[in-house]
Structure formats: C-alpha cells, structure tokens
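Hi everyone, thanks for making time this morning.

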Amino acid sequence: MLYFATHTAQFIPHALQSVAHHLLLYACRTPGSDAAAWNCGGPMAETDNPETKLPHATICGDGEIETILWAWAKGAPKLELPHGVGFEVGPSTGLNFLVFNAHFKSKTVANENNAVYNTGVTVSATTEQQPKVAGIYLSMSMLGSVPPHKKKNFDIICSYHGGTVMHPFAFRVHTHALGFRVSGYKVSTGIVDRWIEIGNENPQHPEAFYPVKDKFLSISNGDWLASRCEMFNFRNSTTNIGMKHTDEMCNFYIMYWKHRDKNSAKVKTMVCKNGFPWTHWRNKFNNLPF
C-alpha cells in the first residue's frame, strides 16, 4: 500500500515579536483563495493603494473547519514532535494544502524592512508513515468582557467524545495583554471529582507548546476537559473577547497523539467553544483544584 501523506516533525519559526502578534499554520482541503496571499480578517487589512489590496477570504474554503498544525507567539522557540509522532497531510488525508496565517501588530511595522516577506515557518517532513498520528484539541472562550481595573476568570468546560483515546504530550496557552495564568485539566466526575493537570502557564511568557505535566496522561470518551484563563484589566475601559490585539482571547491548546487506526488519516482539529460568560467550573464540579 502507498501512503501519500507527509508527517511533519519540526516547526522552526522566523518572526520578530515586535512585528508579528502570532502565527498559525493550517492544513485545508481547499484554501480560502487561489491568490498567493489574502486577507482572512482582523485589523490588518491592506494598504491604501488600490493596486496592492488583498482579496478577502476565509482561511480554508467551502465552510471547512481549519485543521491547526502549529501556532507561535511572543518569541516562542521551535517545536519538535516526539519520535514516531506526526501530523498527516496530503491527498490520502483530504488535507491537500498548507495555509500560513500571520497576524501583524500593525500595517506600519509589517511593511518596515520587508517584515512581511521575512516572516514564516520552516517545516521538516517525511513521507515515511509514523506509528502515531498527531492532532490538536482547542478550548476557547467565545464571549465575555473584563471591566476596567477588575480581575476575572474565563472558564471553558467540554466533555470529550473524540472516538479514540487521546494522549496529550504538549500544551499551549494564549491570551492577549490581560491574561496572567491559563490552566487546563482532565476531570473525572464522581462523588469527589478527580482533577489531573494537563498544564498551566503564564501567557505573557513565550507562547510555545510546553510538555504536559503527566506524560502518561490519557483522555477517553466521557472525560471532562476544563480550562481557565485568569485576567486582570489594567485599562480604564472594558476589554471584550475578540480578534483584535486590543481585545482579549482565552485559548488552551492540547497537542496529542493517537494510535493509528483506519480513521487515522482523518484527524481534524477538535474545538471546544463552550466558553461563555455563564460557564463556570463551580456550576459543574463539586470540588475545584484551587
């Protein structure tokens, strides 16, 4: 049998923290545009010259959910996957295109010194089939706000129903300026809920994928995944959840591997979007980790 798949093993960023807010690499069945570059939304639109305006399109085409392969922010170092673990892309997987997404802090800094053209990622790959297939599970807040000069927690809770056992090996946190701690847990409910930490990190540190605390951790159908972003708004105005760098975000990424099976080539990013203002750990679990 032939395997027309590429298994990425290493991601090396090429970016300046002063220029790029964050970078993402996606795999898509079809790209959102046939253009070499396009605007996928956010405040970084195009220059004022009509001749250089970029077309507007989604990251992937046809309403497709993007498959995340890699993310970078705040000067994070390169990422190396564990031996024998790889993301699968290529014709046999339905993920035919890689789309690189860069969010710049402003049009001014992006255009200085050809920063746009010097920003990217080098990905090493192999056509040899790997015994373990990698994927990403993303928990994210969808709504909410932080009043001025107030502290607030954003909680996210979802039950895992991915079909196969997930083995986390790395995690990544993401907020903008207000976050000071993001944490994620596996929770097994019962008379006394059992919390196992996946990881926690200050999102103002380099936003890399860090090793999970328990390398033997596994997540099965029915387990709960609970994330929390702790924020303090030092500003004089309310800050809302949103896409602009002056807004806020609350994301907790789990990078995992699963044993190869007949569905291995169909691993897509799983997203938990149950992060709403009315979502609170205390309303779901009978004891909390802190």
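I'll talk about the cysteines, and then the nonpolar cores.

Please keep in mind that this is a predicted model. How many disulfides does a search of the whole structure find? It finds three.

Let's take them in turn. Cysteine 28 pairs with cysteine 60, with the sulfur atoms 1.8 Å apart. The torsion about that S-S bond is about -65°, so this disulfide is left-handed. Cysteine 28 sits in strand 2, while cysteine 60 is in the loop between strand 2 and strand 3, 32 residues apart.

Next, cysteine 158 is joined to cysteine 272, S to S 2.0 Å. Here the torsion is about 85°, so the disulfide is right-handed. Cysteine 158 belongs to strand 10 and cysteine 272 to strand 18, so the pair ties together parts 114 residues apart in sequence.

Then there is cysteine 229 with cysteine 250, their sulfur atoms 2.0 Å apart. That link is right-handed, with 90° about the S-S bond, and both of its cysteines are buried.

And which cysteine is in no disulfide? That's cysteine 40; the nearest cysteine sulfur, on cysteine 60, is 10 Å away. Cysteine 40 has 30% relative accessibility, so it counts as partly exposed.

Now the cores. The largest nonpolar core has 36 residues, and Phe11, Phe87, Phe209 and Met255 have the most contacts inside it. Strand 2 gives the most to this core, seven residues. Phenylalanine 11 touches, among others, Leu25, Trp70, Phe87 and Val121. There is also a second, separate core of 27 residues, including Leu178 and Tyr256.

Thanks, all!

Conventions:
Residues numbered from 1 in each chain as written. Predicted model: local features only at pLDDT ≥ 70, side-chain atom pairs only at ≥ 80, totals over all residues. Heavy atoms only, no water. Core = buried A, V, L, I, M, F, W, Y, C linked by side-chain atoms within 4.5 Å. Buried < 20%, exposed > 50% of the residue type's maximum accessible area, 1.4 Å probe, protein only. Helix = DSSP H or I, 4+ residues; strand = E, 2+ residues; numbered from the N terminus. Contact = heavy atoms within 4.5 Å. Disulfide = S-S within 2.5 Å. Lists of a residue's contacts leave out its neighbours within four places in sequence.
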